[in-house]
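Colleague: Please take me through this entry part by part, with the cut-offs stated as they come up.

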Amino acid sequence: MERKNKLVIGLFSLTGCEGCYFAILDLTKEFIALGNKVEIKNCRLFEEDVHLEDEKYDVAFIEGSPLTTANRETVKRIRRNSKLVVALGACSCLGGIYHIKEYHDKAKIFNHVYHKDVGIENFDVQTLEQLIKVDHKIPGCPVNGREFMRFVYGLLVGKKIKSVQNPVCYECQMRGYECLLQKGQVCLGPITFGGCEAICLKSKQGCWGCRGLVKDAEVSNLIKKLREKYSDKEITKYLEVFGIKEQINNL
Ligand code: SF4
Ligand code: SF4
Ligand code: SF4
């Protein structure tokens, strides 16, 4: 039976690859089942060029990095019209892989990518939280679709779902995956927020920290371990991919 007073959800995208929404849509059955409980608006994957940021939302999810003037204005309008705002994915929560340019010559990187001035702004990378109040974060590149679903179902039953508080190692070891760090490979699992079900380790790929720094991360212990085999320059490269380096600097 159709539920009255559906939860109105906005799915907004800034500058990003839309991979987070693909990760959610991949859960096809669960996503369809949501259909009679929520009203979904403004998803760029369903409809091109939608701009419904001035409508009212119970919860607005914002994927992508606020990299352009238009992005920055849009998020302020979304905030004004939404009871809850959730930062979705590494781009929104941490600034995303765009962070790499912050550690190098920004103009040089820009010219390398675009070759000439094509009218694209080259602002500093900011997180969503640096621009507006954010009520909850679901990190990851992409997000774990099941974490998104748990959060939405939590809202539907009036329960606030807390984020996972364990490092990736916890989920990795629980699943019995082989420890790559012990084998001498780079893995940032000990200092990274869990909740991704250690998906990279399942494919024997080290964690690069897309979910950000876990609370009370033992960063110095991990660096000491990595220095047994890698130079500081090599270690830094991994810490820069998702902006973990900046989070460490701000500790
Ligand atoms: S967090 Fe990753 S998957 Fe999500 S929009 Fe950004 S780049 Fe794409
Ligand atoms: S492989 Fe990485 S995530 Fe898994 S236990 Fe080792 S250090 Fe932790
Ligand atoms: S293992 Fe690390 S890099 Fe991979 S999804 Fe999880 S947090 Fe992100």
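Colleague: Which helices each supply at least two residues of the shell around ligand 1?
Modeller: The model is predicted, and local features need pLDDT of at least 70, side-chain atom pairs count only at pLDDT 80 or more, while totals for chains, interfaces and linings use all residues. Residues are numbered from 1 along each chain as its sequence is written, and chains are lettered from A and ligands numbered from 1 in the order in which they are written. The shell around ligand 1 includes Gly19, Cys20, Ala90 and Cys91 (a residue is near a molecule or strand if its C-beta atom, placed from the backbone, lies within 6 Å of it). Helices here are DSSP runs of H or I with at least four residues, strands are runs of E with at least two, and both are numbered from the N terminus; those that each supply at least two residues of this shell are helix H1 (19-25) and helix H4 (90-94).

Colleague: How do the residues of the shell around ligand 1 divide into nonpolar, polar and charged?
Modeller: Ala, Val, Leu, Ile, Met, Phe, Trp, Tyr, Cys and Pro count as nonpolar, Asp, Glu, Lys and Arg as charged, and the others, Gly among them, as polar. Glu63 and Pro142 are among the surrounding residues. The shell divides into 6 nonpolar, 5 polar and 1 charged.

Colleague: Of the 14 residues around ligand 2, which come nearest?
Modeller: The shell around ligand 2 has 12 nonpolar, 2 polar and no charged residues. Helix H7 (residues 168-174) gives the most to this shell, with 4 residues. Those that come nearest are Cys169, Cys172, Cys179, Cys187 and Gly189.

Colleague: Which helix gives the most to the shell around ligand 3?
Modeller: Of the 13 residues around ligand 3, Cys196, Cys200, Cys207, Cys210 and Arg211 come nearest. By class, this shell has 9 nonpolar, 3 polar and 1 charged residues. With 3 residues, the most is given by helix H8 (residues 199-202).

Colleague: How far apart do the C-alpha centres of domain 1 and domain 2 lie?
Modeller: The protein chain is divided into domain 1 (7-156) and domain 2 (168-249), with bounds from an automatic or database domain assignment. The C-alpha centres of domain 1 and domain 2 lie apart by 25 Å.

Colleague: What gives the most to the side of domain 1 that touches domain 2?
Modeller: The contact takes 13 residues from domain 1 and 12 residues from domain 2 (two residues are in contact if their C-beta atoms, placed from the backbone, lie within 7 Å). The side of domain 1 that touches domain 2 has 8 nonpolar, 4 polar and 1 charged residues. With 3 residues, the most comes from H4.

Colleague: Which strands stand at the edges of the sheet?
Modeller: The sheet is open, with 5 strands in the order S2-S1-S3-S4-S5 and parallel pairing (two strands pair if DSSP finds at least two bridges between them). Two of the strands have a single partner strand each, so one side of each is left without a neighbour in the sheet: strand S2 (38-41) and strand S5 (136-138).

Colleague: What does the twist average from one strand to the next?
Modeller: Strand S1 (residues 7-13) pairs with S2 in the parallel sense over 4 bridges, and Gly10 stands opposite Lys41 in S2. Axes are lines fitted to C-alpha atoms, for helices over the stretch in contact, and angles run from 0 to 180 degrees between N-to-C directions. From one strand to the next, the twist averages 25 degrees.

Colleague: At about what angle to S4 does helix H3 run?
Modeller: Helix H3 (residues 69-81) lies across S1, strand S3 (57-63) and strand S4 (82-88). Its angle to S4 is about 135 degrees.

Colleague: Where does Pro142 lie?
Modeller: A cis peptide bond joins Cys141 and Pro142, with omega about 0 degrees. Pro142 lies in the loop between S5 and H6.

Colleague: Is Ala198 buried or exposed?
Modeller: Ala198 is in the loop between H7 and H8 and has a positive phi, near 50 degrees, in a residue other than glycine. A residue is buried if 20 or more other C-beta atoms lie within 10 Å of its own, exposed if 12 or fewer, and partly exposed in between, with C-beta atoms placed from the backbone. Because 22 other C-beta atoms lie within 10 Å, Ala198 is buried.

Colleague: As what does Glu18 count, with its C-beta neighbours inside 10 Å?
Modeller: Glu18 lies in the loop between S1 and H1, and its phi is positive, about 70 degrees, although it is not a glycine. Its C-beta neighbours inside 10 Å number 16, so Glu18 counts as partly exposed.
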